[in-house]
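Here is a brief structural report on a single protein chain. Keep the sequence and the coordinates open while reading.

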Amino acid sequence: MIPDSARLLFYFAKLVFSSVLALRQRDPGIKFHVILMIDPRLIFKLNPQRGRIVFVAGHRQIALAREEKLPMIIHSREAAADTLRVMKEEKSEEIGGVIHCFSYSVEMAEEYLKMGFYLGIGGVVTFKNAK
């Protein structure tokens with residue numbers, strides 16, 4: 001059984017992506033400002049089948065960002081290797097954007113910076129238990 005939270009998040013991601021494609025198809029001149037990639041690991045941990053579907057959506061979202069010549073905002077949590085792999089497979093360095101709420105290692109930061117991405121550092125770095 002798929003948890004309600006996973007089902008909701010999956011359908012939200014699907015709705016947003018299909019809406020963007022439908023808008024673009026209806027009005028090819030429409031301009032978007034940013035492409036947002038939903039955190040795939042959140043769904044992957046709850047339901048592996050749904051996670052794979054969202055990774056496919058991630059590839060499509062990167063392709064859409066490339067077509068629209070728009071920067072991406074990537075939110076990735078507990079999915080460092082998977083997110084970087086998808087981004088490299090899709091040559092995301094050609095697009096650029098921000099890694100939102102970055103919380104990975106220094107090495108991972110260097111990888112993203114080499115790709116030309118900015119790092120969004122959240123307020124959690126001010127917490128007493130921050131590493």
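The sections below go from the overall fold to strands, helices, salt bridges and surface.

## Overall fold

This is a predicted model. The secondary structure comes to five helices and four strands. Along the sequence the pattern reads α-β-α-α-β-α-β-α-β. The protein has 131 residues, and buried residues make up 37% of them.

Among contacts with a separation of 6 or more, 68% join residues 24 or more positions apart. The accessible surface comes to about 8,400 Å². Carbon and sulfur atoms account for 61% of that surface.

Strand 2 covers residues 72–75. Its side chains alternate. M72 and I74 point to one face and are buried.

Strand 2 pairs with strand 3, residues 97–100, in the parallel sense. Four bridges make up the pairing. I73 has V98 in strand 3 as its bridge partner. Between the two strands the chain passes through helix 4, residues 80–89, and this β-α-β crossover is right-handed.

T83 sits in helix 4. Is T83 buried or exposed? Its relative accessibility is 1%, and buried means under 20%, so T83 counts as buried. Leaving out residues up to four places away in sequence, T83 touches I74, S76 and Y112.

## Positive phi in two loops

Most residues other than glycine have a negative phi. K91 has a phi near 50 degrees, a positive value. K91 lies in the loop between helix 4 and strand 3. It is partly exposed, with a relative accessible area of 44%.

C101 also has a positive phi, near 50 degrees. C101 is in the loop between strand 3 and helix 5, residues 106–114. Its relative accessible area is 33%, and it is partly exposed.

## Salt bridges

The count comes to five salt bridges. One of them joins R66 and E94, with the closest N and O atoms 3.4 Å apart. R66 lies in helix 3 (residues 48–68) and E94 in the loop between helix 4 and strand 3, so the pair ties together parts that are 28 residues apart in sequence. R66 is partly exposed at 30%. E94 is exposed at 54% relative accessibility.

Within helix 4, R85 and E89 lie four residues apart, about one turn of the helix. Their side chains meet in a salt bridge at 3.2 Å, N to O. R85 is partly exposed, with a relative accessible area of 37%. E89 is partly exposed too, at 42%.

Another salt bridge links K114 and E111 at 3.6 Å, N to O. K114 and E111 are three residues apart in helix 5, so about one helical turn separates them. K114 is exposed at 66% relative accessibility, whereas E111 is partly exposed at 24%. Salt bridges with shared partners also join D82, R85 and E89 into one network.

## A nonpolar surface patch

Which residues form a nonpolar patch on the surface? They are I121, V124, V125 and F127. Together they have about 380 Å² of accessible area. I121 is found in the segment after strand 4, residues 118–119. I121 is partly exposed, with a relative accessible area of 49%.

Notes. Residues numbered from 1 in each chain as written. Predicted model: local features only at pLDDT ≥ 70, side-chain atom pairs only at ≥ 80, totals over all residues. Heavy atoms only, no water. Patch = residues over 30% accessible without salt bridge, like charges linked within 9 Å, V, L, I, M, F, W, Y side chains within 5 Å. Areas by Shrake-Rupley, 256 points an atom, 1.4 Å probe, with all protein chains shown as cover. Salt bridge = Lys/Arg side-chain N within 4 Å of Asp/Glu carboxyl O. Buried < 20%, exposed > 50% of the residue type's maximum accessible area, 1.4 Å probe, protein only. Pairing = 2+ DSSP bridges. Right-handed = clockwise from strand over helix to strand, strands pointing away. Contact = heavy atoms within 4.5 Å.
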